[in-house]
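This briefing walks through a protein model, taking its pocket, its sheet and one of its helix contacts in turn. Please keep the sequence and the structure in view while reading.

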Amino acid sequence: MASNVNPTVRRRRLGQELRRLRELKGMTAEEVAERLLVSQSKISRLENGRRSISQRDVRDLCGVYEVEDHRVVDSLMQMAKDSRQQGWWHAFGDIPYSVYIGLETDAASLRVYEPQVVPGLLQTPAYAEALIQGALPETPTTDVEKRVQVRLRRQERITADEPLRLWAVVDEAALRRVVGSRLIMREQLERLVEQSQRPHVTVQILPFEMGAHPGLNGQYAILEFPDAADSSVVYIEGVTSDLYLEKAHDVQRYSVMYEHLRAQALNAEQSRQFIADIAKEYARH
């Protein structure tokens, strides 16, 4: 298998195709589960791409859906085989948000709103380490280091030949919260200014004086993909589990909310100056 095959994205595409075949057959997930003597939740997980799909699962489902074209079955079987391969992130062991990393790795654009911290793709190593240590105080040092390395590897999307289009709206609180030390914060904000000058990176700051805004419910990200067959995803990070929204009306609702955030935030140039001014405040102390 080619090393550039993304198993997370393959699972999503395969799940979408299996859902399409089920709907063409006019069957509910519950009916399919009864035919195969499995739980309805398994069918749902297979269709939403949240778990690996075995070739046996594909074969059984194609049988239920009466797929007679062997080329279609063979194609789905190959996708199932590819979906069970490991992405680069698996080399770092058990990563809680590995599904998100898989999606981010293949995304063409990412719109993120961060109310408390600097976006992960724009963090310095020192800031990332201090942030992880503070957020997860009982995490062993080796695990902290692993998480930092994963974050730095993710950042390669920003400098790649075909880079990720990143748009970040960041609350002023993320600039004011001293993570690690004032020196770390100064270096982090200087990095933020530097990265925001890349043509494919836009950073906008939401100052405190803007008052109430649509992002008060918390952080979220919207991922879009180069292949039209891959639907956009809204990602909401949780403490014990993450939420992935793929229904068109959910994505649309968050997209509209993001447009309001961008409209209320400072523009890109004003934001760079705002960040630079706060960086100077850290330098004076």
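**The largest pocket**

By residue class, the lining of the largest pocket comprises 20 nonpolar, seven polar and seven charged residues. The model is a predicted one, and the points below are grouped by topic.

*Pocket volume and lining*

- The largest pocket holds about 1000 Å³ of space, and 34 residues line it.
- Nearest the centre of this pocket lie Tyr 97, Arg 151, Tyr 235, Glu 237 and Gly 238.
- At least two lining residues come from each of helix H6 (98–106), strand E1 (109–114), helix H7 (125–135) and helix H8 (141–154).

*The sheet*

- Six strands form an open sheet with mixed pairing, in the order E3-E2-E1-E4-E5-E6, and its edge strands, E3 (201–206) and E6 (243–245), each pair on one side only.
- From one strand to the next, the twist averages 15°.
- Strand E2 (residues 165–171) runs parallel to E3, with which it pairs over six bridges, and Val 170 has Ile 205 in E3 as its bridge partner.

*The contact of H1 with H5*

- Helix H1 (residues 7–25) and helix H5 (residues 70–83) have axes that come within 8 Å and cross at roughly 145°, in a left-handed crossing.
- On the H1 side the contact is made by Pro 7, Arg 10, Arg 11, Arg 13, Leu 14, Glu 17, Leu 18 and Leu 21, which meet Leu 76, Met 79, Ala 80, Asp 82 and Ser 83 in H5.
- By class, the residues of this contact are seven nonpolar, one polar and five charged.

Notes: Residues are numbered from 1 along each chain as its sequence is written. This is a predicted model: local features need pLDDT of at least 70, side-chain atom pairs count only at pLDDT 80 or more; totals for chains, interfaces and linings use all residues. Side-chain values use heavy atoms; hydrogens and water are left out. On a 1 Å grid over the protein atoms alone, a cavity is a set of points where a 1.4 Å probe fits but cannot get out, and a pocket is an open set with protein on both sides within 12 Å along at least five of seven lines; lining residues have an atom within 4 Å of a point. Grid points are joined across faces, edges and corners, and a volume is the space filled by probe spheres set on the points. Helices (H or I, at least four residues) and strands (E, at least two) are DSSP runs, numbered from the N terminus. Ala, Val, Leu, Ile, Met, Phe, Trp, Tyr, Cys and Pro count as nonpolar, Asp, Glu, Lys and Arg as charged, and the others, Gly among them, as polar. Two strands pair if DSSP finds at least two bridges between them. Axes are lines fitted to C-alpha atoms, for helices over the stretch in contact, and angles run from 0 to 180 degrees between N-to-C directions. A crossing is left-handed if the near helix is turned anticlockwise from the far one by less than a right angle, and right-handed if clockwise. Contact means heavy atoms within 4.5 Å.
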